[in-house]
Amino acid sequence: MTRTRLLAAVLVAGVVVAGPSVVPAAASGPAAVVSAQSPDTALETAIAGLPTADATAALVRVGGVEGVWRGSSGVHDLRTNRPADPAARFRAGSVTKVFTAAVALQLASEGRLDLDRSARSYLPELIPASYAGVTVRQLLNHTHGIPAPDFPGTTVEEAYANRFQIHDPRDMVRSATSKAPEFAPGERQHYLNIGYTIAGLIIERVTDDSYERQVARRVLKPLGLCDTYFPGANPRIVGPHNHGYQRMRLDDGTVGLRDVSVWGSTDGWAAGDIVSTTADLERFTQALFQGRVVRGPLLDEMFTLPKVTDSKTGKPAAYSVGLSMKVLGGREVWGKTGGRWGYNAAIAGTRGGSRTLVYSVNSTDAKGQDMNKVAETIMVATYGRP
């Protein structure tokens with residue numbers, strides 16, 4: 001059976017919406033489960049009907065004083081049609097940046113890292129004089145002006161062919177800084193991974209330790225995030241996980257879904273390679289917003305947008321140190337989305353943490369130009385429309 005026909009068969013089979021209470025479903029499909037805690041019809045609707053052309057599974061956790069809701073939908077994989085595992089690990093992509101920013105701000109609070117000091121002063125052998133004016137804060141809020149490094153290929157098919165290539169952070173920095181600046185430091189904002197790649201290297205320099213161990217010691221272990229880890233060069237997700245699929249051109253020349261669950265993520269590193277679960281990310285988000293990860297005035301860095309405009313759109317900056325901000329339902333919602341092939345993820349919350357959201361969506365176009373439709377519907381169902 002082709003992947004396209006297999007997806008069609010799964011669409012007919014049924015749905016899984018996971019929560020605390022079980023509602024028996026028809027024998028022709030997997031059981032349907034609906035949350036008994038603060039039922040939210042909008043959220044149930046947002047993830048109902050998976051898999052679809054946009055996503056094969058979704059895991060959602062909403063928390064805070066405004067109510068708690070848990071749900072999952074879709075399938076573990078398109079071969080067996082097993083229900084999606086609500087406790088599954090997944091690639092969280094750029095949500096990694098929040099962990100990196102948190103460690104950098106902790107180091108700043110300890111006086112070991114100066115946000116106003118130049119990146120070159122920490123890495124003189126790596127950052128050339130042409131970028132001498134870039135500060136650590138500008139790395140973290142995407143106002144540095146350093147362009148993206150070069151990677152092999154420009155299409156998803158070419159990326160797939162190179163999915164096991166190992167990328168060294170220093171080589172990525174050399175590739176990026178060999179080019180001319182996009183703009184003067186602090187002048188505009190352009191969201192890119194490279195600032196966080198450099199920030200990861202600075203964390204290693206000032207601590208004389210690996211970036212991964214510093215995140216584990218400072219964040220993962222204190223919060224008990226036992227299902228969150230850095231994969232390093234291992235292209236497989238360790239432990240239970242729902243398969244990710246990506247729409248692309250297949251070997252026979254047709255366009256369909258390919259299982260992309262096994263894919264190296266060394267190109268992301270401190271900017272985007274973390275693997276986690278919705279439960280771990282919810283615990284992290286709530287602790288972060290409550291000031292238990294970054295303490296004192298430095299937490300404000302994560303909730304302060306630079307007063308510049310986006311270099312592409314001309315709109316006001318939307319990214320702070322580690323987070324981004326959108327106005328949804330008439331209030332500010334802070335958080336971070338992330339995407340790896342086959343996987344979309346996000347953490348979000350109102351400033352006081354009264355309503356938090358974590359989701360993982362197994363998107364079939366996880367790196368598309370527009371936000372995944374299922375993910376967007378989940379966000380709107382949780383907070384309201386822009």
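Q: Let's start with the big picture. How many helices and strands does the chain have?


A: There are 11 helices and 12 strands. Keep in mind that we're looking at a predicted model. Of the chain's 386 residues, 56% count as buried. The chain exposes about 15800 Å², and carbon and sulfur atoms supply 52% of that.

Q: What share of the contacts with a separation of 6 or more comes from residues 24 or more positions apart?

A: That share is 67% in this chain.

Q: Now strands. How do I read which way the side chains go?

A: Here's the general idea: in a regular strand, side chains alternate between the two faces of the sheet. Now take strand E12, residues 356–363. Thr-356, Val-358, Ser-360 and Asn-362 point one way, while Leu-357, Tyr-359, Val-361 and Ser-363 point the other way.

Q: Are the residues of E12 buried or exposed?

A: Eight of its eight residues are buried, so the strand is described as mostly covered; the cut-off for buried is under 20% relative accessible area.

Q: Which strands are joined to E12 by bridges?

A: Strand E3 (residues 55–63) is one of them, with seven bridges to E12, and the two run antiparallel. To find your place in that pairing, look for Ala-58, whose bridge partner in E12 is Val-361. Strand E11 (residues 343–350) also runs antiparallel to E12, joined by six bridges. There, Ala-348 has Leu-357 as its bridge partner.

Q: How many residues lie between E11 and E12 in their hairpin?

A: Five residues sit between the two strands. In the turn you'll find Gly-353, which has a positive phi of about 75°.

Q: Let's zoom in on one residue, Ser-276. Where does it lie?

A: Ser-276 is in strand E8, which covers residues 274–276. Its relative accessibility is 0%, so it counts as buried.

Q: What does Ser-276 touch, leaving out residues up to four places away in sequence?

A: The neighbours are Ala-88, Arg-89, Phe-90, Asp-227, Thr-228 and Leu-281. With Thr-228 there is also a side-chain polar contact of 2.7 Å.

Q: On to charged pairs. How many salt bridges are there?

A: The count comes to 16 salt bridges. To read one, look for a side-chain nitrogen of Lys or Arg within 4 Å of a carboxyl oxygen of Asp or Glu. Arg-137 is partly exposed at 22% relative accessible area, whereas Asp-116 is exposed at 53%.

Q: Which residue forms a salt bridge with Asp-150?

A: That's Lys-179, with the closest N and O atoms 2.8 Å apart. Asp-150 lies in the loop between H5 and helix H6, and Lys-179 in the loop between helix H7 and helix H8, so the pair ties together parts that are 29 residues apart in sequence. Asp-150 counts as exposed at 56% relative accessibility, while Lys-179 is partly exposed at 27% relative accessible area.

Q: Which residues are linked in a network of salt bridges?

A: Look for Arg-61, Arg-70 and Glu-282, which are linked in such a network. As another example, Arg-213 and Asp-209 meet in a salt bridge at 2.6 Å, N to O. Arg-213 counts as exposed, at 53% relative accessibility.

Notes:
Residues are numbered from 1 along each chain as its sequence is written. This is a predicted model: local features need pLDDT of at least 70, side-chain atom pairs count only at pLDDT 80 or more; totals for chains, interfaces and linings use all residues. Side-chain values use heavy atoms; hydrogens and water are left out. Helices (H or I, at least four residues) and strands (E, at least two) are DSSP runs, numbered from the N terminus. Buried means under 20% relative accessible area, exposed over 50%, partly exposed in between (1.4 Å probe, protein chains only). A polar contact is a pair of N or O atoms within 3.5 Å; within protein, one must be able to donate a hydrogen and the other to accept it, and residues adjacent in sequence count only if both atoms are side-chain atoms. Contact means heavy atoms within 4.5 Å. Accessible areas come from the Shrake-Rupley method with a 1.4 Å probe; for residues, only the protein chains shown count as cover. Two strands pair if DSSP finds at least two bridges between them.
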